Amino acid sequence: MEAQAKRVPNARGEGERLRQEILDTATRILEDTGREDALSLRGVAREVGISAPSVYLHFKDKTALVSTVLEAAYRTLAAAMAQAGRDAAEAGTGPWEQIRAATAAYRRFAVDKPRRYRLMFNLEYEPQRPPPPTNPSAPCSGPGPTP
């Protein structure tokens, strides 16, 4: 059994720093394994060097933690794509070139951050939780065919 790491407690008012450490640790575990069932709140707490109940001060449960990790990744990708489109527009390009620029940003994200990309699009979800609705491609796919 691995011993819990010694951690210097945050100063009063620095709870956001601990929250980010929890998110960073959960992200790394999910990226390394690609499986949601490989993540446990106790395991995250142990790696961060805090007690398991301390995680609950920041996240309601494991589902909330995983959703937060994925939402951050989707926001990062969406922001990169939007910025690429804006940059292309400011350069005076037309709509097709702007779409190409956004698509190139998407591909660049996948190549530069392959583990994060796999985490976002290949994570093996636990059956009780559907993929997060914040996928940046959701507006493009529409509601689907109606029966």
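A nonpolar core is a set of buried Ala, Val, Leu, Ile, Met, Phe, Trp, Tyr and Cys residues joined through side-chain atoms within 4.5 Å, where buried denotes under 20% relative accessible area, exposed over 50% and partly exposed in between (1.4 Å probe, protein chains only). The structure on display is a predicted model, in which local features need pLDDT of at least 70 and side-chain atom pairs count only at pLDDT 80 or more, whereas totals for chains, interfaces and linings use all residues. Residues are numbered from 1 along each chain as its sequence is written, and side-chain values use heavy atoms, with hydrogens and water left out.

**Whole chain.** Begin with the protein chain in cartoon view: it holds 7 helices and 0 strands, these being DSSP runs numbered from the N terminus (helices H or I, at least four residues; strands E, at least two). Of its 147 residues, 33% count as buried. Residues 24 or more positions apart account for 64% of the contacts with a separation of 6 or more, a contact being heavy atoms within 4.5 Å.

**The core.** Next, select Ile-22, Leu-39, Val-44, Ile-50, Val-55 and Leu-65, which have the most contacts inside the largest nonpolar core, a set of 25 residues. Helices H1 (15-33), H2 (41-48), H3 (52-55), H4 and H6 (114-122) each supply at least two of its residues; H4 gives the largest share, 7 residues. Centre on Val-44: leaving aside residues up to four places away in sequence, Val-44 touches Ile-22, Thr-25, Ala-26, Ile-29, Leu-39 and Leu-65.

**Leu-18.** Move to Leu-18 in helix H1. Leu-18 counts as buried because its relative accessibility is 12%. Its C-alpha atom lies 9.0 Å from that of Val-55, 37 residues away along the chain.

**The H4-H5 pair.** Now select residues 62-90 (H4) and 95-112 (H5), which pack at an angle of about 145° with their axes 8 Å apart. Axes are lines fitted to C-alpha atoms, for helices over the stretch in contact, and angles run from 0 to 180 degrees between N-to-C directions. On the H4 side, the residues that meet H5 include Ala-73, Leu-77, Met-81 and Gly-85; among their counterparts in H5 are Glu-97, Ala-101, Tyr-106 and Phe-109.

**Confidence.** Finally, colour by pLDDT, the predictor's confidence in each residue, from 0 to 100. The chain averages 82, and 73% of the residues score at least 70. Confidence is highest in H5, at 96, and lowest in helix H7 (residues 138-141), at a mean of 48. Over residues 141-147 pLDDT stays under 50, and the model has 0 contacts beyond four places in sequence for them.
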